[in-house]
Amino acid sequence: MSAGGELAFLELTEVAELIRGRQVSSVEVTEGILQRIEDFDGRLQSYATVTGDSALEAARVADAEMAAGNYRGPLHGIPVAVKDLCFTMDAPTAAGGTIRSDFVPPFDATVVRRLKEAGAVITGKLRMTEGAYAEHHPALPTPLNPWGSDTWVGSSSSGSGVATAAGLCYASLGSDTGGSIRLPSAQNGVTGIKPTWGRVSRHGVFELAESLDHIGPMTRSARDAGVVLSAIAGEDVHDPTAVSVPVPNYAENLRLDRLPSVGIDWDLTATFDEPTRTMLTGVVRTLESLGWRVYSIELPDFENASADWEHMCAVETAAAHAGTYPSRASDYGPALAHLIDTGLGLSAIEYQALLSRRRAFTGRMKRIFQDIDLVLLPGAGLASPTTATMSSLGTSPELLAGLLVPTAPLDISGTPTISLPGGFTERGTPIGFQLCGGDFSEQLLVSAAHTFQSATDFHEKHPELERTTVAV
Amino acid sequence: MEPYELSFTEASAMIAAKELSPVELTESSLKRIGEVEPDIHAYVTMTEELALTQARRAEKEIAAGNYKGPLHGIPLGVKDLYDTEGILTTSSSEVRAGYVPDADSVSVQKLTAAGMVVVGKTQTHEFAFGATTPTTRNPWDTSTVPGGSSGGSGATIASGGVTVALGSDTGGSIRIPASVCGTVGIKPTYGRAPRVGVASLSWSLDHVGPLTRNVREAALVMAAMSGYDRRDPASVNKPVPDWTPDLGGSVKGTRIGIPKNFYNERVQPEMWEASMAAANVLEGLGAELVEVEIPLADKVLSTAWTIMLAEAGAYHQEALRATPELFTDEVRTLLEVGEGVLATSYINALRTRTLMQQGWRDMYADIDVLLAPTVPGPAASADDPVFEWAADDIEGATTAYSRVCAPGNLTGLPAISMPVGYTADGGLPLGAQVIGRPFREGDVLRVASVYENATDHIGTLAPLKAAS
């Protein structure tokens, strides 16, 4: 069997079964992925660094371990790529910027170490917007959306979305501060989890805004996301904010104990564009056909929370970049520089007003889940916008706030959420939706999304790729 | 013996047995306050009428067999930071000279519901932003300060006015006056007791709790003030245990941390020695003393002050714009400094605090409680409230007092201050604090009560003569 064609688009869980059954080796699968990167990524530009040699070495080790009867689990021997803000000892970690282009960290991020311990084969580092904020650094390539080059690729985990959608890895890691896992998941038609804040260690992950940053998986199915989350989640002595809540195997038992109740805020829904509303209506129909009860609910003020997000993020970003900004301001792109300048200009008193609204919003959000299991939201505030529409994202607060309405408030409250494909635009590009739940409800999210994906095939559609043009 | 001289436990037992009327006790309390007030100035407002009405009601209820429990009929002083319905609540500031709240703060509601009798509103350092309470004098030596910010509460307990008075603690404001006035004072775990209706100094460091003459009423009042309230965003939904069964228990096997650093630096030798003598008493009763290193000690002062200045600046922003002239020069200056704190400085301080909390959590792996001096020295001169550590090293009393208390606020850990001795020269009280694990108020109360039973330091009134 060859990883060049259909094998590349199998779900992680499916290829894991083939590897475990010795029907295909990790080396074959890894070689297939590396070949696809060579074939397609010259055009797509999803990888910042491809770690082909160490990947093949890891694949050989995995094959040897399995041959010796030592099977580590569903990630064993599986090619996985990580966003370029995760520290890796064998490859630079530039976080989408130019200042750290030669920075090779002295240790692996906890999430990378855990992937390796689970047997995963790390194929490389995925491109992202500068510093995990809104726009790509002007001096670096922007990944292309495999569904259409004029469709916005999503930010900030753009490379993670592209590589996962294009079959250039079986799973990837992204990070989400205002929507950075969910926006590229929606834009590229993949499944992503932004876990509860504190569920996954941030140790060794370059910071955008500490109290808003979340690390999570991006995959081609909810079950795959559960596999990766199970590997990376949990307490970490190096990150005091990673909590000690036990980590189940999220992919093991995907049967729902009971039919969940789902809430949707129709007033908020009415503020989104037509394709988004149509998609949500379709999702509601599917959920009802599964026998789930869908209720009309009133969410706390997502629009104001989204409008507050930029300032909240800005202050923490300014603190995180104090070592290089403003001292090396000329090396920064306009979007990130604008964000940091905004943060540097805010007073502690203004910041506390934000924190006070954050506490109130978070408290209201937590209470929602006392009455309902899941809340249905779109994966982005705009349905599959074009690159032209998004060209001023980093410097237009209104555009940013509108885009982030369904996503950023959940970073503010730390609420866990899963984003998955739920429809397509007339152009044929994917649109996503989110199911979010109470704190540490990741098992419910994975099981619910898996149930939806068992009844639908949105997640099984893949983009048709153009080969990299090779000059003759 | 006058009723005001009775300990809380004695008075409470006599009231329960109908041997003492709440009215008699309240009248005695009011009379004692009246006698010493010209020298002490502990109160902003006396509430004689309200007190007598509440006392008569308590008397009737008890006579009718409706005894509510050990707080029923006991006089209470309320720090003027706490809202009291229909009663002037000035926070000892001209800014609120005419403020009469239309509802009681949650603490006052809970305590009056338990039958306590409000005798008056005690002085605070203006808006709790200072640790000397310049309006008030220390009953142990009226040329000295009572500490602060809950200075009126400390002073009225030490002079026999009440056995319980409310305080609030943002940088030590319960424990400082407790130490300096020779009373007990407890600050609970952050989130344990709701602060609804209490003027804020710094919301992420503010705690409410009582100052008391002895340990038992500290346990009872602290429990009565505690419990989840959704109107306080910091409030934690945890059951409130009855801590009285812990009192007078054993310290056998209790691991008491003795700091190797920070709490013995820029602290007067007899202050440190009194704390260590208390530690030795407890060791003699079976406790194990364990030396510990205080983490990130050099960051305590800058972290606490950055957070406090910024949060106080936010709380008072409108008043500072509208009526800056009504603040005292001292507090106005602090608030103006707060306006200048950058958001980035503030979050860096919040992050340092998180690291500090983590460091303390690790430190508690080896100990159950920490024992240390509450403050670096005894009551400072009211005319010149400073500590002189060396010829060119003079520290203002507010900074010095809160420096040693601030870790309790930054970590949010429960802490009790108890009297452990007196200065050789002048006989001023010296306090030590016992700091426990989160939500383990029972531990610090137990250790304090064991010490209380083993010595005669706790429960002593200042040898103050009535004004002539």
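Which residues lie nearest the centre of the second largest pocket?

## The second largest pocket

In this predicted model, the residues nearest the centre of that pocket are R195(B), S200(B), W203(B), D206(B) and Y315(B), which belong to a lining of 23 residues. A pocket here is an open set of points on a 1 Å grid over the protein atoms alone, where a 1.4 Å probe fits and protein stands on both sides within 12 Å along at least five of seven lines, and lining residues have an atom within 4 Å of a point. The volume is about 430 Å³, taken as the space filled by probe spheres set on the grid points, which are joined across faces, edges and corners.

By class, the lining has eleven nonpolar, six polar and six charged residues, where Ala, Val, Leu, Ile, Met, Phe, Trp, Tyr, Cys and Pro count as nonpolar, Asp, Glu, Lys and Arg as charged, and the others, Gly among them, as polar. At least two lining residues each come from α12 of chain A and from α9 (300-315) of chain B; helices (H or I, at least four residues) and strands (E, at least two) are DSSP runs, numbered from the N terminus.

## Where the chains meet

Chain A brings 18 residues to the contact and chain B brings 20 residues, with contact meaning heavy atoms within 4.5 Å. The area buried between the two chains, that is, the accessible area (1.4 Å probe) lost on putting them together, summed over both, is about 1,600 Å², and carbon and sulfur atoms give 64% of it.

Three salt bridges are found across the interface of chain A and chain B, each defined by a side-chain nitrogen of Lys or Arg within 4 Å of a carboxyl oxygen of Asp or Glu. R351(B) forms a salt bridge with E210(A), and their closest N and O atoms are 3.4 Å apart. On the side of chain A that touches chain B, α10 (302-320), α11 (334-345) and α12 (348-371) each supply at least two residues, and α12(A) gives the most, with seven residues.

## Backbone details in loops

The peptide bond from S155(A) to S156(A) is cis, with omega near 0°, and S156(A) is found in the loop between β3 (121-126) and α5 (158-165) of chain A. In chain B, a cis peptide bond with omega about 5° joins G148(B) and S149(B).

## Conventions

Residues are numbered from 1 along each chain as its sequence is written, while chains are lettered from A and ligands numbered from 1 in the order in which they are written. Local features need pLDDT of at least 70, side-chain atom pairs count only at pLDDT 80 or more, and totals for chains, interfaces and linings use all residues, while side-chain values use heavy atoms, with hydrogens and water left out.
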